[in-house]
Amino acid sequence: MPDYLSGMPLLVSDAIVLHAFDYLESSRILRLATREGGVRSALAKGARRSQRRFGSALDLFAQGSAQLSTKPGRDLDTLTSFDVAASRPGLAQDLGRFAGASAIAELVLHFSTEHADPALFEAIEAALDAIAGAPHDRAVDATLAGAWRVIGALGFTPALAECAECHGPVDDEGTALFSHAAGGVLCPRCSRLVPGGRRMPADARRALRLWTAGQDAEPFDVPSMRAHQRLLREFLQHHVVDGRPLRAFELWERDVWGLT
Ligand SMILES: [Zn+2]
(Lines give C-alpha, C1' and ligand atoms only; values in the text may rest on other atoms or scores of the structure.)
Protein backbone atom coordinates (compact mmCIF):
# COMPACT_ATOMS: atom_id res chain seq x y z
CA MET A 1 0.00 0.00 0.00
CA PRO A 2 1.43 3.44 -0.86
CA ASP A 3 2.28 5.65 2.10
CA TYR A 4 -0.30 8.25 1.15
CA LEU A 5 -3.09 5.71 1.62
CA SER A 6 -1.83 4.44 4.96
CA GLY A 7 -3.08 7.27 7.13
CA MET A 8 0.19 9.15 7.42
CA PRO A 9 -0.37 12.94 7.54
CA LEU A 10 0.11 14.53 4.15
CA LEU A 11 1.91 17.84 3.68
CA VAL A 12 1.15 19.62 0.40
CA SER A 13 3.39 22.60 -0.14
CA ASP A 14 5.41 24.64 -2.60
CA ALA A 15 8.92 23.27 -2.39
CA ILE A 16 12.42 23.92 -3.75
CA VAL A 17 15.09 21.21 -4.11
CA LEU A 18 18.18 22.42 -2.21
CA HIS A 19 20.17 19.19 -2.13
CA ALA A 20 19.80 15.70 -3.60
CA PHE A 21 21.77 12.49 -3.36
CA ASP A 22 21.30 8.87 -4.42
CA TYR A 23 19.98 6.43 -1.86
CA LEU A 24 20.26 2.65 -2.23
CA GLU A 25 19.84 1.34 -5.76
CA SER A 26 16.89 3.24 -7.07
CA SER A 27 15.96 6.13 -4.78
CA ARG A 28 17.00 9.69 -4.03
CA ILE A 29 17.00 11.63 -0.78
CA LEU A 30 16.16 15.31 -1.13
CA ARG A 31 16.51 18.30 1.11
CA LEU A 32 13.56 20.56 0.36
CA ALA A 33 12.72 24.09 1.41
CA THR A 34 8.93 24.14 1.75
CA ARG A 35 6.61 27.09 2.27
CA GLU A 36 4.42 25.32 4.84
CA GLY A 37 6.81 22.90 6.53
CA GLY A 38 10.23 24.54 6.73
CA VAL A 39 13.28 22.65 5.46
CA ARG A 40 12.70 18.89 5.31
CA SER A 41 14.36 15.68 4.17
CA ALA A 42 12.32 13.45 1.87
CA LEU A 43 12.81 10.05 0.31
CA ALA A 44 11.87 9.81 -3.38
CA LYS A 45 11.37 6.08 -3.80
CA GLY A 46 12.20 4.68 -7.21
CA ALA A 47 13.22 8.10 -8.50
CA ARG A 48 16.18 6.66 -10.40
CA ARG A 49 14.40 3.55 -11.69
CA SER A 50 11.58 5.39 -13.38
CA GLN A 51 11.88 8.84 -14.95
CA ARG A 52 8.10 8.80 -15.30
CA ARG A 53 7.34 9.18 -11.64
CA PHE A 54 9.19 12.41 -10.88
CA GLY A 55 10.67 13.41 -14.25
CA SER A 56 13.02 16.40 -14.02
CA ALA A 57 11.30 17.65 -10.87
CA LEU A 58 14.05 16.38 -8.62
CA ASP A 59 16.82 18.38 -10.26
CA LEU A 60 18.68 20.79 -8.02
CA PHE A 61 16.89 24.14 -7.51
CA ALA A 62 13.68 22.95 -9.21
CA GLN A 63 10.50 24.32 -7.64
CA GLY A 64 6.99 22.98 -7.63
CA SER A 65 4.15 21.55 -5.61
CA ALA A 66 5.29 18.66 -3.44
CA GLN A 67 3.21 16.07 -1.59
CA LEU A 68 5.01 14.64 1.40
CA SER A 69 3.76 11.96 3.72
CA THR A 70 5.10 12.72 7.17
CA LYS A 71 5.26 10.88 10.44
CA PRO A 72 5.67 12.55 13.84
CA GLY A 73 9.12 11.92 15.26
CA ARG A 74 10.53 10.66 11.99
CA ASP A 75 13.24 12.69 10.26
CA LEU A 76 12.58 11.47 6.74
CA ASP A 77 9.33 12.20 4.87
CA THR A 78 8.27 10.27 1.80
CA LEU A 79 7.79 12.28 -1.39
CA THR A 80 4.65 11.03 -3.10
CA SER A 81 4.52 13.55 -5.94
CA PHE A 82 6.23 16.68 -7.19
CA ASP A 83 4.71 18.82 -9.95
CA VAL A 84 7.49 21.05 -11.22
CA ALA A 85 6.58 24.67 -11.96
CA ALA A 86 10.08 26.15 -12.46
CA SER A 87 13.30 24.28 -13.18
CA ARG A 88 15.61 27.36 -13.36
CA PRO A 89 17.77 26.13 -16.27
CA GLY A 90 19.85 29.34 -16.02
CA LEU A 91 21.55 27.94 -12.93
CA ALA A 92 22.86 24.83 -14.66
CA GLN A 93 24.14 26.82 -17.66
CA ASP A 94 26.72 28.95 -15.88
CA LEU A 95 29.25 27.89 -13.25
CA GLY A 96 29.16 31.25 -11.48
CA ARG A 97 25.38 31.16 -11.18
CA PHE A 98 25.44 27.51 -10.10
CA ALA A 99 28.09 28.21 -7.44
CA GLY A 100 26.05 31.16 -6.15
CA ALA A 101 22.84 29.14 -5.95
CA SER A 102 24.73 26.34 -4.18
CA ALA A 103 26.04 28.83 -1.61
CA ILE A 104 22.47 30.05 -0.97
CA ALA A 105 21.24 26.46 -0.56
CA GLU A 106 24.05 25.70 1.88
CA LEU A 107 23.26 28.81 3.89
CA VAL A 108 19.61 27.75 4.18
CA LEU A 109 20.48 24.16 5.09
CA HIS A 110 22.82 25.37 7.82
CA PHE A 111 20.49 27.76 9.58
CA SER A 112 16.86 26.85 8.96
CA THR A 113 14.50 24.50 10.79
CA GLU A 114 11.35 22.48 10.12
CA HIS A 115 9.17 25.36 11.29
CA ALA A 116 6.91 26.85 8.62
CA ASP A 117 8.39 30.16 7.46
CA PRO A 118 6.76 31.63 4.34
CA ALA A 119 8.99 34.73 4.44
CA LEU A 120 12.12 32.58 4.37
CA PHE A 121 10.69 30.50 1.51
CA GLU A 122 10.00 33.66 -0.48
CA ALA A 123 13.52 34.96 0.19
CA ILE A 124 15.01 31.70 -1.12
CA GLU A 125 12.71 31.74 -4.15
CA ALA A 126 13.58 35.36 -4.98
CA ALA A 127 17.31 34.75 -4.50
CA LEU A 128 17.39 31.73 -6.83
CA ASP A 129 15.26 33.50 -9.45
CA ALA A 130 17.57 36.54 -9.39
CA ILE A 131 20.73 34.44 -9.67
CA ALA A 132 19.22 32.29 -12.46
CA GLY A 133 18.41 35.45 -14.43
CA ALA A 134 21.65 37.34 -13.74
CA PRO A 135 24.17 38.02 -16.52
CA HIS A 136 27.40 36.05 -16.03
CA ASP A 137 29.32 39.02 -14.64
CA ARG A 138 26.56 39.98 -12.18
CA ALA A 139 26.03 36.54 -10.63
CA VAL A 140 28.18 37.46 -7.61
CA ASP A 141 26.12 40.60 -6.88
CA ALA A 142 22.90 38.62 -7.26
CA THR A 143 24.22 35.99 -4.84
CA LEU A 144 25.30 38.62 -2.29
CA ALA A 145 21.87 40.25 -2.48
CA GLY A 146 20.10 36.90 -2.15
CA ALA A 147 22.27 35.74 0.73
CA TRP A 148 21.67 38.88 2.80
CA ARG A 149 17.95 38.71 2.09
CA VAL A 150 17.89 35.10 3.31
CA ILE A 151 19.94 36.11 6.36
CA GLY A 152 17.34 38.80 7.05
CA ALA A 153 14.52 36.26 6.80
CA LEU A 154 16.41 33.99 9.20
CA GLY A 155 16.42 36.84 11.71
CA PHE A 156 20.14 37.67 11.69
CA THR A 157 19.90 41.12 10.05
CA PRO A 158 22.93 43.14 11.17
CA ALA A 159 22.51 46.62 12.66
CA LEU A 160 23.29 49.10 9.87
CA ALA A 161 21.32 52.30 10.53
CA GLU A 162 22.39 52.69 14.16
CA CYS A 163 25.23 51.51 16.39
CA ALA A 164 24.99 47.79 17.22
CA GLU A 165 26.27 48.46 20.77
CA CYS A 166 24.71 51.72 22.02
CA HIS A 167 21.98 52.25 19.35
CA GLY A 168 23.32 55.75 18.83
CA PRO A 169 23.40 57.31 15.35
CA VAL A 170 26.00 56.25 12.78
CA ASP A 171 26.83 58.74 10.03
CA ASP A 172 25.59 57.53 6.63
CA GLU A 173 28.65 59.07 4.96
CA GLY A 174 32.23 58.00 5.43
CA THR A 175 33.66 54.76 6.73
CA ALA A 176 32.30 52.88 9.73
CA LEU A 177 33.52 49.83 11.59
CA PHE A 178 31.49 46.63 11.13
CA SER A 179 31.86 44.23 14.06
CA HIS A 180 30.73 40.62 13.73
CA ALA A 181 30.83 40.21 17.50
CA ALA A 182 28.60 43.25 18.06
CA GLY A 183 26.33 42.32 15.14
CA GLY A 184 26.63 45.37 12.93
CA VAL A 185 28.19 48.80 12.48
CA LEU A 186 29.53 50.82 15.40
CA CYS A 187 29.52 54.53 16.22
CA PRO A 188 32.96 56.18 16.58
CA ARG A 189 32.88 55.91 20.38
CA CYS A 190 32.01 52.17 20.46
CA SER A 191 34.53 51.53 17.63
CA ARG A 192 37.30 52.44 20.07
CA LEU A 193 35.97 50.01 22.72
CA VAL A 194 35.14 46.91 20.64
CA PRO A 195 38.15 44.98 19.31
CA GLY A 196 38.32 43.65 15.75
CA GLY A 197 35.93 44.42 12.92
CA ARG A 198 36.22 45.61 9.36
CA ARG A 199 36.15 49.14 8.02
CA MET A 200 33.20 49.53 5.65
CA PRO A 201 32.85 52.43 3.22
CA ALA A 202 29.50 54.21 2.94
CA ASP A 203 28.55 52.62 -0.40
CA ALA A 204 29.17 49.12 0.98
CA ARG A 205 26.93 49.82 3.98
CA ARG A 206 24.27 51.28 1.72
CA ALA A 207 24.31 48.11 -0.41
CA LEU A 208 24.02 45.93 2.67
CA ARG A 209 20.99 47.91 3.84
CA LEU A 210 19.29 47.51 0.47
CA TRP A 211 20.10 43.78 0.26
CA THR A 212 18.80 42.97 3.74
CA ALA A 213 15.58 44.79 2.74
CA GLY A 214 15.26 42.60 -0.36
CA GLN A 215 16.26 45.37 -2.78
CA ASP A 216 18.96 45.63 -5.43
CA ALA A 217 22.08 47.76 -5.04
CA GLU A 218 24.32 49.37 -7.65
CA PRO A 219 26.70 46.84 -9.30
CA PHE A 220 30.15 46.62 -7.73
CA ASP A 221 33.61 46.26 -9.22
CA VAL A 222 35.50 43.02 -8.57
CA PRO A 223 37.57 44.19 -5.55
CA SER A 224 34.40 45.47 -3.84
CA MET A 225 32.58 42.21 -4.56
CA ARG A 226 35.52 40.35 -3.04
CA ALA A 227 35.32 42.48 0.09
CA HIS A 228 31.57 41.80 0.32
CA GLN A 229 32.12 38.06 -0.10
CA ARG A 230 34.70 38.13 2.71
CA LEU A 231 32.38 40.10 5.01
CA LEU A 232 29.50 37.69 4.33
CA ARG A 233 31.69 34.65 4.99
CA GLU A 234 32.96 36.09 8.28
CA PHE A 235 29.39 36.96 9.28
CA LEU A 236 28.20 33.42 8.59
CA GLN A 237 31.16 31.85 10.35
CA HIS A 238 30.35 33.94 13.38
CA HIS A 239 26.84 32.45 13.45
CA VAL A 240 27.83 28.83 12.70
CA VAL A 241 27.68 27.03 16.01
CA ASP A 242 28.23 23.42 14.99
CA GLY A 243 31.64 23.85 13.35
CA ARG A 244 30.57 22.42 10.00
CA PRO A 245 32.48 24.06 7.12
CA LEU A 246 30.64 26.08 4.48
CA ARG A 247 32.06 24.19 1.50
CA ALA A 248 29.78 25.49 -1.26
CA PHE A 249 30.26 28.99 0.07
CA GLU A 250 34.06 28.61 0.04
CA LEU A 251 33.95 27.35 -3.55
CA TRP A 252 31.81 30.28 -4.61
CA GLU A 253 34.16 32.70 -2.89
CA ARG A 254 37.43 31.13 -4.04
CA ASP A 255 36.80 30.89 -7.76
CA VAL A 256 36.61 33.99 -9.84
CA TRP A 257 34.34 32.34 -12.45
CA GLY A 258 35.84 34.36 -15.23
CA LEU A 259 35.78 37.68 -13.37
CA THR A 260 39.14 39.40 -13.37
ZN1 LIG B 1 27.86 53.08 19.85
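Author: Before we start, one definition: helices (H or I, at least four residues) and strands (E, at least two) are DSSP runs, numbered from the N terminus. Keep in mind, too, that this is a predicted model.

Reader: Got it. Let's talk cavities, then. How many cavities of 30 Å³ or more are there?

Author: The count comes to three cavities of 30 Å³ or more. Let's look into the second largest cavity, with a volume of about 40 Å³.

Reader: Which residues line the second largest cavity?

Author: Its lining is made of Ala33, Thr34, Gly38, Val39, Asp117, Leu120, Phe121 and Ile124. Sorted by class, that lining has five nonpolar residues, two polar and one charged.

Reader: And which strands and helix each supply at least two residues of that lining?

Author: Strand S2 (27-34), strand S3 (38-44) and helix H4 (118-132) each do that. H4 gives the largest share of the lining, with three residues.

Reader: Let's stay with H4. How do I read two helices packed together?

Author: You describe two packed helices by the angle between their axes and the distance between the axes. Here, helix H3 (residues 95-111) packs with H4 at an angle of about 170°, and their axes are 9 Å apart. Angles over 145 degrees count as roughly antiparallel, so H3 is roughly antiparallel to H4.

Reader: Which residues in H3 and H4 meet?

Author: From H3 come Arg97, Gly100, Ala101, Ile104 and Val108, and they meet Ile124, Ala127, Leu128, Ile131 and Ala132 in H4. By class, the contact of H3 with H4 has eight nonpolar residues, one polar and one charged.

Reader: How many bridges join S6 to S7?

Author: Three bridges join strand S6 (residues 176-179) to S7. To see one of the pairs, find Ser179, whose bridge partner in S7 is Gly184.

Methods: Residues numbered from 1 in each chain as written. Predicted model: local features only at pLDDT ≥ 70, side-chain atom pairs only at ≥ 80, totals over all residues. Heavy atoms only, no water. Pairing = 2+ DSSP bridges. 1 Å grid on protein atoms, 1.4 Å probe; cavity = no way out; pocket = protein on both sides within 12 Å on 5 of 7 lines; lining within 4 Å. Points joined across faces, edges and corners; volume = space filled by probe spheres on them. Nonpolar A, V, L, I, M, F, W, Y, C, P; charged D, E, K, R; others polar. Axes fitted to C-alpha atoms, helices over the stretch in contact; angles between N-to-C directions. Parallel < 35°, antiparallel > 145°, perpendicular 65-115°, else oblique. Contact = heavy atoms within 4.5 Å.
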